[in-house]
Amino acid sequence: PFAWLHDQTWEDCVRLARDFTTEFATLLDDIEHNESVWKKWFDSDAPEQEGHFPMGYGQRLSAFQILMLLRCFRVDRIYLAITQYVTVIMGDQFVTPPVIHFEAIWEQSTPLSPIIFILSPGSDPTTDLIKLAERSEFGVGKVKLLAMGQGQEKVAINLIEQSVSRG
């Protein structure tokens with residue numbers, strides 16, 4: 001309906017209005033008849049903040065329904081909003097990454113059980129691993145680092161196979 005509103009955004013709003021009629025029955029009309037309010041919210045730096053939702057949606061929707069609405073308009077803000085949601089509903093311990101004790105991990109490893117890290121966005125243990133390799137008898141030269149991306153699966157398989165054969 002508006003140039004600033006992506007087709008996918010509108011389709012997602014239609015789906016919300018269709019599948020959740022109690023909560024979002026007037027959503028499409030609200031958007032169409034109040035473009036400037038919705039555009040201002042859409043363009044805001046922190047649309048996930050409860051006070052920013054247009055037309056009282058932040059007050060009348062549950063926390064999860066707010067996530068659904070935010071997801072329609074601002075996928076780029078959903079990670080932070082979900083983190084905040086989990087913190088409020090379940091507690092901080094479910095979003096705070098554990099402190100990793102590399103020495104303890106090293107002590108538990110054997111030549112038959114290599115250490116492989118599967119990382120979440122924003123984590124980078126490279127510096128800590130290099131420091132551990134320097135402090136231990138392992139040595140920095142034996143550390144193999146690989147950032148998984150497109151086409152890296154063969155390289156990763158090769159490194160794992162080398163680790164298995166060489167210990």
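The exercises below concern pockets and selected residues in a predicted model.

**Exercise 1. The largest pocket**

Task: State what volume the largest pocket has, and describe which residues line the largest pocket.

Solution: 
- Step 1. The volume of the largest pocket is about 1,300 Å³.
- Step 2. Its lining consists of 34 residues, and those nearest the centre are Ile115, Ile116, Val143, Lys144 and Ser163.
- Step 3. By kind, the lining of the largest pocket has 20 nonpolar, 10 polar and 4 charged residues.
- Step 4. Helices α9 (126-135) and α10 (153-166) each give at least two residues to this lining. The largest share comes from α10, with 6 residues.

**Exercise 2. The second largest pocket**

Task: Describe the second largest pocket by its space and by its lining.

Solution: 
- Step 1. The second largest pocket holds about 430 Å³ of space.
- Step 2. It is lined by 18 residues, and Thr96, Pro97, Pro98, Ser120 and Ser123 lie nearest its centre.
- Step 3. The lining of the second largest pocket splits into 11 nonpolar, 5 polar and 2 charged residues.

**Exercise 3. Glu48**

Task: Decide whether Glu48 is buried or exposed, and find which side chain makes a polar contact with the side chain of Glu48.

Solution: 
- Step 1. Glu48 sits in the loop between α4 (35-43) and α5 (57-60).
- Step 2. Its relative accessible area is 10%. The limit for buried is under 20%, so Glu48 counts as buried.
- Step 3. The side chain of Glu48 has a polar contact with the side chain of Arg77, at 2.7 Å.
- Step 4. Apart from neighbours within four places in sequence, the residues in contact with Glu48 are Phe53, Leu70, Arg77, Leu80, Ala81 and Gln84.

**Exercise 4. Ile105**

Task: Find which helix holds Ile105 and how many residues separate Ile105 and Ile115 in sequence.

Solution: 
- Step 1. Ile105 is part of helix α8 (residues 102-108).
- Step 2. With a relative accessible area of 28%, Ile105 is partly exposed.
- Step 3. Ile105 and Ile115 are 10 residues apart in sequence, and their C-alpha atoms are 7.8 Å apart.
- Step 4. Leaving out residues up to four places away in sequence, Ile105 touches Ile100, Ile115 and Phe117.

Conventions
Residues are numbered from 1 along each chain as its sequence is written. This is a predicted model: local features need pLDDT of at least 70, side-chain atom pairs count only at pLDDT 80 or more; totals for chains, interfaces and linings use all residues. Side-chain values use heavy atoms; hydrogens and water are left out. On a 1 Å grid over the protein atoms alone, a cavity is a set of points where a 1.4 Å probe fits but cannot get out, and a pocket is an open set with protein on both sides within 12 Å along at least five of seven lines; lining residues have an atom within 4 Å of a point. Grid points are joined across faces, edges and corners, and a volume is the space filled by probe spheres set on the points. Helices (H or I, at least four residues) and strands (E, at least two) are DSSP runs, numbered from the N terminus. Ala, Val, Leu, Ile, Met, Phe, Trp, Tyr, Cys and Pro count as nonpolar, Asp, Glu, Lys and Arg as charged, and the others, Gly among them, as polar. Buried means under 20% relative accessible area, exposed over 50%, partly exposed in between (1.4 Å probe, protein chains only). A polar contact is a pair of N or O atoms within 3.5 Å; within protein, one must be able to donate a hydrogen and the other to accept it, and residues adjacent in sequence count only if both atoms are side-chain atoms. Contact means heavy atoms within 4.5 Å.
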